[in-house]
Amino acid sequence: MRCTEKNYIDRLKNKKEDALEFIVDKYLGIVKSTVYKVLSPLHNDGIIEECINDVFLSVWNNSDKFMGEEVAFKKWIFKIAKFKAIDYYRKEIKNLDVSIENKEISTNELVEEEIIKIEERNELISLINTLEPMDRDIFVMKFFLGEKSDDIAKKFGITRSALDNRIYRNKKKLSKKILKLNIEVI
């Protein structure tokens, strides 16, 4: 019997290797993106690859614990990837210390905060990309590249006050979108 969309979960539970190959082909994208999102700050592709392999090994070893259909399986494999990546992240930074405000604080305590910051920054970038091209470029220059307002105004051939008005209006737009997102999440 061959592994298909309809029988891959049962075949995986019966430890058929073709089911694992099928799952790797089908879910590699979601696993890779999930792991990369958590481990990319480490700048170590070897750890990312190792974690991805470990995710599929965990799926193989714990397949008998999965109960449900294909939709639930996708969520299950996503959760395994997410938590495995967080474990790898914690393990990698376990011995590192970060100096903050002249205090030495173990980064173990900051792992979750760092992941949240990365996710929030990605969401903010997505929101900035919804702005008009000129406004988006102004925001990137001002807040990500740290350029001075006078220099930005010269580059776009507008007055400093026009630039300040654009920044003000777009900050209001973005804050409304952020509030809307927060309400939808709750």
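Helices (H or I, at least four residues) and strands (E, at least two) are taken here as DSSP runs, numbered from the N terminus. The structure is a predicted model, in which local features need pLDDT of at least 70 and side-chain atom pairs count only at pLDDT 80 or more, while totals for chains, interfaces and linings use all residues. Residues are numbered from 1 along each chain as its sequence is written, and side-chain values use heavy atoms, with hydrogens and water left out.

The pLDDT, the predictor's confidence in each residue on a scale from 0 to 100, has a mean of 81 over the chain, and 86% of the residues reach 70 or more. Where pLDDT is low, the predicted coordinates should not be read in detail.

Attention now turns to the interior. A nonpolar core is a set of buried Ala, Val, Leu, Ile, Met, Phe, Trp, Tyr and Cys residues joined through side-chain atoms within 4.5 Å; buried means under 20% relative accessible area, exposed over 50%, and partly exposed in between (1.4 Å probe, protein chains only). The largest such core holds 32 residues, of which Y8, I23, V31, V35, L39, F73 and I77 touch the most other members. Two or more residues each come from helix 1 (8-13), helix 2 (17-39), helix 3 (45-61) and helix 4 (70-93), with helix 4 giving the largest share, 10 residues. Beyond its neighbours within four places in sequence, L39 is in contact with I47, I48, C51, A85, Y88 and Y89. A second, separate core has 6 residues, including I138, I152, A153 and I167.

The surface has a nonpolar feature too. Areas follow the Shrake-Rupley method with a 1.4 Å probe; for residues, only the protein chains shown count as cover. L124, I125, V140, F143, F144, L145 and I178 make a nonpolar patch of about 540 Å². Helix 6 gives the most to this patch, 3 residues. V140 lies in helix 6 and is partly exposed, at 31% relative accessible area.

Terms used. Contact = heavy atoms within 4.5 Å. Patch = residues over 30% accessible without salt bridge, like charges linked within 9 Å, V, L, I, M, F, W, Y side chains within 5 Å. Salt bridge = Lys/Arg side-chain N within 4 Å of Asp/Glu carboxyl O.
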